[in-house]
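Please look over the structure shown below, and then follow the paragraphs that come after with the model open beside them.

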Amino acid sequence: MSMAGNLRKVTGLGKVGGLRKVARLARRRPRVDLSHPARSPLGSSVVNCVTYQDGARVPGCTDLVDAVEMVRKSGEGFVWLGLHEPTDSEFTGIAELFDLHPLAVEDAVEAHQRPKLERYGETLFAVFKTVCYVEHEQLTATSEVVDTGEIMVFVGEDFVVTVRHGRHGSLGPLREELEADPQQLAKGPAAVLHALADHVVDDYLTVTDAVQADIDQVETDVFSENGARADPGRIYQLKRELLELKRAVMPLARPVEDLATRPIRVIDPEIQAYFRDVADHLMRAKEQIAAFDELLNSILQAHLAQVTVAQNEDMRKITAWAAVIAVPTMVCGVYGMNFTFMPELHWRLGYPLVMGVMAAACFALYRGFRRNGWL
């Protein structure tokens, strides 16, 4: 049975008595180390469960119920619970334990949410879109460039619950970085929220730099000697992938601004200064994406103009050759009518004379078109 299934057996988990009751139930079975970076041996969605006090990890405190009870009794530290794609049944007990709002719980389980920041009583709920650059040897009309995921964060006075959706965006390295800076981690759950926001926005900048390399390659191909023959599908594919990146970055501006400027109880004013730095990085990512969008529009228009010019050149060549061929066609057509009385029809030198006249006329037309750049 998963830890969440154990929690569902008890109601009123927000009270100390309820916590003690669940703690007694949990002690009847062997403890399971939930701090392992892989999924829980219980088969649940729990990836990590760690308690922090004064910026340091509390060793041996990996049982969620005991950890919450200890933190609430002492009034110091907080619990950081990490989940990966939990089901509704797995999340029910956790939601009761931390008194999470049902609407926020539904968003965290279902995923596919727009980046946002909401407050439910004393709990802050934030949604971040994570992005990852998909490596590819050559950009094609079907290449995947940007892969997206989601991270939902519940922040309270003494807890942080992170819910991750997607194949990337592991928070293990982020946790290690925070634990290497106890002074910052000692500032509480708000420090974790800032570190997470900063981590997500830094990934935006990394992906935009990688996408710029693809755009530069497409631009080089379009303006090369055979640019008119470049595949326009690559440009459309880049625009589609850029749209995915835009959906992740653009809506996040308002939540980050609120975190940096609006007074929020669970966010220490000292931490808000750090969110202003995140807002600056996010603005840079937004400007890059907007510039990429305009650049791709310009590249696409330039490519279409090149195609039009190439088609006009082909039409001029076809027209010029048609004019050259029209001369012998006309002469042969006249002499092919088989009339009895025709000029020079029975003259011994008539055939070579006609052939010479046709050759001279075709050569004159060819020289004229070649001089004008039609051939």
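In which sense do S5 and strand S6 pair, and over how many bridges? In this predicted model, S5 and S6, the latter spanning residues 146–155, run antiparallel to each other and are joined over 10 bridges. One of the pairs that can be picked out by eye is Phe-125 with its bridge partner in S6, Phe-154.

Strand S5 itself, residues 123–133, is mostly covered, since 10 of its 11 residues count as buried.

In soluble globular proteins, nonpolar side chains tend to be buried together. The largest nonpolar core in this model holds 62 residues, and the ones with the most contacts inside it are Leu-124, Phe-128, Leu-193, Tyr-204 and Ile-267. Helix H8, residues 189–222, gives the most to this core, contributing 17 residues. If residues up to four places away in sequence are left aside, Ile-267 touches Leu-124, Ala-190, Leu-193, Leu-259, Gln-272 and Phe-275. Apart from the core of 62 residues lies another one, made of 28 residues, which include Cys-49, Leu-64, Leu-100 and Val-105.

Is Phe-91 buried or exposed? Phe-91, which lies in helix H4 (residues 88–98), counts as buried because its relative accessibility is 0%, and the cut-off for that term is under 20%. Between Phe-91 and Glu-106 there are 9.6 Å in space, taken from C-alpha to C-alpha, although they stand 15 residues apart in sequence.

Tyr-335, by contrast, lies in helix H11, which spans residues 269–335, and is partly exposed because its relative accessible area is 35%, a value that falls between the limits of 20% and 50%. Together with Met-330, Val-334 and Met-337, Tyr-335 forms a nonpolar patch on the surface, and the accessible area of these residues together is about 380 Å².

Methods:
Residues numbered from 1 in each chain as written. Predicted model: local features only at pLDDT ≥ 70, side-chain atom pairs only at ≥ 80, totals over all residues. Heavy atoms only, no water. Helix = DSSP H or I, 4+ residues; strand = E, 2+ residues; numbered from the N terminus. Buried < 20%, exposed > 50% of the residue type's maximum accessible area, 1.4 Å probe, protein only. Pairing = 2+ DSSP bridges. Patch = residues over 30% accessible without salt bridge, like charges linked within 9 Å, V, L, I, M, F, W, Y side chains within 5 Å. Areas by Shrake-Rupley, 256 points an atom, 1.4 Å probe, with all protein chains shown as cover. Salt bridge = Lys/Arg side-chain N within 4 Å of Asp/Glu carboxyl O. Core = buried A, V, L, I, M, F, W, Y, C linked by side-chain atoms within 4.5 Å. Contact = heavy atoms within 4.5 Å.
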